[in-house]
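Let's take a friendly walk through a protein model, one topic at a time. Have the picture open as you read.

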Amino acid sequence: MPATKNKNWVDFEALKRNVSFLTILEHYGLVGHFKQKGNKLTGKCPIHKGDSSTSCHIDLEKGAYRCFTRCKSMGLRGGGNILDFVADMEKFGLGQEGIKRAAKLIMEFTGTGQGTVPLPAGTPRPAPHKPEPPPENKPLAFSLHLKTDHPYFKERGITPETVRLFGLGLAEKGMMTGRIAIPIYDHRGSLVAYAGRALDAKSAEEGGKYKLPANFHKMQVLYNYHRAKDFPTLILVEGFFDCFKVYQAGFLNVCALMGTAMSDFHAGLILKTFTQVVLMLDNDPAGRRGTGDILNRLYDKIFVRVVRLEGFNGASQPDQLSERELAAALAFLKA
Ligand SMILES: [Zn+2]
């Protein structure tokens, strides 16, 4: 941020440009609080601490948030950019002073352009934020009895052996009823959740293509880590089905991010476990952004190789490739 002569002036535009919403969420320990789908986050509104699990939407690309339930009626902004969000989180009040104090706080915790905004006289300093401990996924106290012979598997090219190994099947009871349930184990090998894959457009629209329990923190789990951890090389993909297809191509050393974002927890686990990483995210805008971000964070710490899915008849994600094509794309690992 350029230094300015006028001490009362702050470059709000530069601040919005340079500080991502994820940085703000990280500051408040809220990264695992939201469900992510591409650049969109959804979760309980952390500002008014409430109600439904879809009350707050954040668009990472636009750097914008909106509370769809109570914030506005509680006299808060209830939407806007990172400055509005921080002003609401800190209850700095409406108006330009609230925005200035939010900017000051953001500059303090990101270390950008420190001290260019004087606090209005007599304003109490905001209490320093205490980061919350990272959320934990508790082991499940039950396991689902699943029907393993559903035709969906064959349609997706998933073999009975894969169904058995990954413990997949149709749920006929509970919140995953009518969905293909995918058991999720944490890094210790404890069952912590089931993801439910919708089988038709209607249930995908109602509960999402993948349904996950509201208290599940996907940033704290690297899917299939407990089976991959004894290999030196990790193949990192986005989704469950990418994972299954890479396994069928001959590689059990594959983990899924369940999205395109690598959390600090994921990075720590990867760095302490593996000696090299093969990145094979989807070849679409979100996947390419994720690849760039992960490369930036890992390249000077571990050997990273990127597999770009190009030239496979337009297939843009690993689960659309045949086992033979995947084996060819990863042949360098067997050489
Ligand atoms: Zn709200």
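## Before we start

Helices (H or I, at least four residues) and strands (E, at least two) are DSSP runs, numbered from the N terminus. This is a predicted model, where local features need pLDDT of at least 70, side-chain atom pairs count only at pLDDT 80 or more, and totals for chains, interfaces and linings use all residues. Residues are numbered from 1 along each chain as its sequence is written, and side-chain values use heavy atoms, with hydrogens and water left out.

## Two loop residues with positive phi

Let's begin in the loop between β12 and α10 (264–273), where you'll find Met-258. Its phi is positive, near 60°, and Met-258 isn't a glycine. With a relative accessible area of 10%, Met-258 is buried (buried means under 20% relative accessible area, exposed over 50%, partly exposed in between, using a 1.4 Å probe and protein chains only).

Lys-91 is another non-glycine with a positive phi, about 55°. You'll spot Lys-91 in the loop between α3 and α4, and it is partly exposed, at 47% relative accessible area.

## Where α3 meets α4

How are two packed helices described? By the angle between their axes and the distance between the axes. Helix α3 (residues 82–89) packs against helix α4 (residues 96–110) at about 95°, and the axes are 8 Å apart. Here, axes are lines fitted to C-alpha atoms, for helices over the stretch in contact, and angles run from 0 to 180 degrees between N-to-C directions. So α3 is roughly perpendicular to α4, a label for angles of 65 to 115 degrees (under 35 is roughly parallel, over 145 roughly antiparallel, and the rest oblique).

Contact means heavy atoms within 4.5 Å. On the α3 side, Ile-82, Leu-83, Asp-84, Val-86 and Ala-87 take part; the α4 residues include Gly-98, Ile-99 and Ala-102.

## A glycine in a strand

Gly-169 sits in strand β7 (residues 169–171) and is buried, at 0% relative accessibility. Beyond its neighbours within four places in sequence, Gly-169 touches several residues, among them Leu-146, Phe-153 and Ile-180. Between the C-alpha atoms of Gly-169 and Gly-196, which are 27 residues apart along the chain, the distance is 9.6 Å.

## What about the cysteines?

A disulfide is counted when a pair of cysteine sulfur atoms lies within 2.5 Å. How many disulfides does that rule give? The count is 0. Cys-243, for instance, has the sulfur of Cys-255 as its nearest cysteine sulfur, 6.5 Å away. Cys-243 is buried, at 0% relative accessibility, and Cys-45 is buried too, at 1%.
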